[in-house]
Every structure is written in structure tokens, then in C-alpha cells.
Amino acid sequence: MDHIVEVCLYFYCKFLWRCLKFVMRKLTGRCELQRICYNTKPGASRTMKIETSLKDSKSKLLQTSVSVHFDAIEKTIEDIMELKKINPDINPQLGISLQACLLQIVGYRNLIADVEKLRREPYDSDNPQHEEMLLKLWKFLKPDTPLESRISKQWCEIGFQGDDPKTDFRGMGLLGLYNLQYFAERDATAAQQVLSDSLHPKCSKFSKAEWEKKRMDKAIGYSFAIVGINITDLAYNLLVSGALKTHFYNIAPEAPTLSHFQQTFCYLMHEFHKFWIEEDPMDIMEFNRVREKFRKRIIKQLQNPDMALCPHFAASEGLINM
């Protein structure tokens, strides 16, 4: 009985919403897409409203527009303008705004597919490219220390669990390695510092003042590479759940790319490291608790439509009033 009531209430609300949209169009002379584009600033607020409007539309054209190919976006916008009887010569800004939104929406879907493909590809020690990436990771993190052999206990020095790192990539596949190498190569100074801090938290230069206030003898480190793979899992789940839409729609003026995802991973590594220090856990067994608390904090931040986790990225500089 409760289920029937919920279904009836859903359709009733949907009917009222369509009636309201009809009235608003008559009063303003603008369709919902126009009202959103003209009354909402660019970024996540606008793109998420446009995405919802398109998905909830009774028009098949509008419903499918969020999943078209990049090459079809321009034609799709022309079809939408024609369907809505909007003259593009009189409303040129609408087409520009819709294009920016669709590029982000379609780009986010494609990014999920790209990330999923990497996650599903297992590490293969017989693949020269995979091996080259792994050896580069060591070189970037330990530039002054040669790796004695491919199978070596030295891997534990950068936070792997055993003599051969390939076994640690099982959960996140190549995605974990891609992220770790990106962090180590593109943000080498920070990555080496975080690695050093994770091994010697008592001597952390990351937040010396905080450490001095704490009991330094209780400082607990962690396995850098394993935590990196774990944070990759966190970033992946934030992406797939849609939580990262707020962030990506605010920093990427067009389609978010794999580079945006990897930059976000770097940010999460930075922030988790600081968070770990702030939490000051008694031992490594508290890792799951600290990680879950960190995850909840990030999700809460992402619920703000104006939020950009790392707005300093160059990509955000191109976000203009489209």
C-alpha cells in the first residue's frame, strides 16, 4: 500500500512540475533551458540543472542529448533549438551555454569510461609498458637510490607490501599505477615529501608546528604506495557516484579529462596526508576509520555547488561566463 502511495505521489508531483514549467514559459516567454542558462552562473550550478532538465524531459531528443558523441553535440543543440522553437540569431548565447554544458556532461560520462577501462586492466609484468611505468615510479620517488633488481625488498621503501608490487595493483588495476606515477612525476617535490613524511612522520616538514604540539613519539606513518592505491579507490568511487560532478563542472570549462582526474587524485593525496597528521592515530589499524572520516568530509564539501576541490588547476582559468 505504501508503495502505491509513493508511486502516485511521484506522478502527481511530476504532473505539477510539468504544469509549473508550462505556466513559467507562458509568463516569461522562455523555456526551462533558457531560464537556467540566463539565470544561473556557469559552472556546476548551471550544468547540473541543465543535466537534470534534459534527463527529466518527456522529449526523447532531450533525454538522449546527455549521452551523444562529442562530434554530435553541435547538431544536437541545433535540433534542441528547433524543437523548442528558439531562434538562434535572437538567442545566440543560449547555444553557447548549452554547448558548454553538454561538453561537460558528455565529457564526465566519457571520463568514467576511460577510468573504468584502466581500472579493469590488470598489471602485466610481461608487458614492457607496464614494467616501464613501474620502474619510472621508483625513479621519480627515489631519484638518488638505484633499484637493485626488479624483484626486491626495496619496493617496501615506497610503501608496497612485498618484493613485487604487481600483486598490490589487483584492486585498482593500472589505474593505481597511473595515478601514483602521475603524482610522482608531475608533483615530484610534494610526492617525495609526502613519501618521506609517511616513513618518518616524527620529522614531518609538512606541518611542523602541529607536530610540535603533539606527542611526537606517537606519530604513526603509513605505506605510501598502498595508501595511494586506496586513495585511487576513493577517487574512483567519487567519480562513478557522481559526487565529483560539482568539482569537475567547476574547474573544467569543457570536457573533464583523465588529467583532471589525476590532478584530483594528487589533491586527495595531499589532503589525506594532512588529515592523517591531524587525526594523529594511535596505530595503523585506525586507517579505515580515518579514511572513512576523510571520505565523508570530501563528500560534504562536494555538496556545495560552488565547490572546486583544487581551483588552482590551470583548467579552471578558462571557465568564463559562457
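Tutor: Happy to! This is a predicted model. To begin, the cover over the buried residues of α14 includes α11, α12 (245-251) and α13 (258-279).

Student: Which residues of α14 are buried?

Tutor: Buried here means under 20% relative accessible area. In α14 that picks out Phe 287, Val 290, Arg 291, Phe 294, Ile 298 and Leu 302.

Student: Within what arc do the buried residues of α14 fall, seen down its axis?

Tutor: An α-helix has 3.6 residues a turn, so residues three or four places apart point the same way. On the other side of α14, Asn 288, Lys 296 and Lys 300 are exposed. The buried residues of α14 line one face of the helix, because they fall within an arc of 110°.

Student: What span should helix α14 have, at 1.5 Å a residue?

Tutor: Helix α14 covers residues 287-302, which is 16 residues.

Student: Is Leu 239 buried or exposed?

Tutor: Leu 239 sits in helix α11 (residues 224-241). Beyond four places away in sequence, its contacts include Tyr 108, Val 115, Phe 248 and Phe 261. Its relative accessibility is 0%, so Leu 239 counts as buried.

Student: How far apart in space are Leu 239 and Ile 112?

Tutor: Ile 112 is among the residues that Leu 239 touches. The two are 127 residues apart in sequence, yet their C-alpha to C-alpha distance is 6.9 Å.

Note on methods
Residues are numbered from 1 along each chain as its sequence is written. This is a predicted model: local features need pLDDT of at least 70, side-chain atom pairs count only at pLDDT 80 or more; totals for chains, interfaces and linings use all residues. Side-chain values use heavy atoms; hydrogens and water are left out. Helices (H or I, at least four residues) and strands (E, at least two) are DSSP runs, numbered from the N terminus. Buried means under 20% relative accessible area, exposed over 50%, partly exposed in between (1.4 Å probe, protein chains only). Contact means heavy atoms within 4.5 Å. The expected span of a helix is 1.5 Å times one less than its number of residues. The arc is that of the directions from the helix axis to the C-beta atoms.
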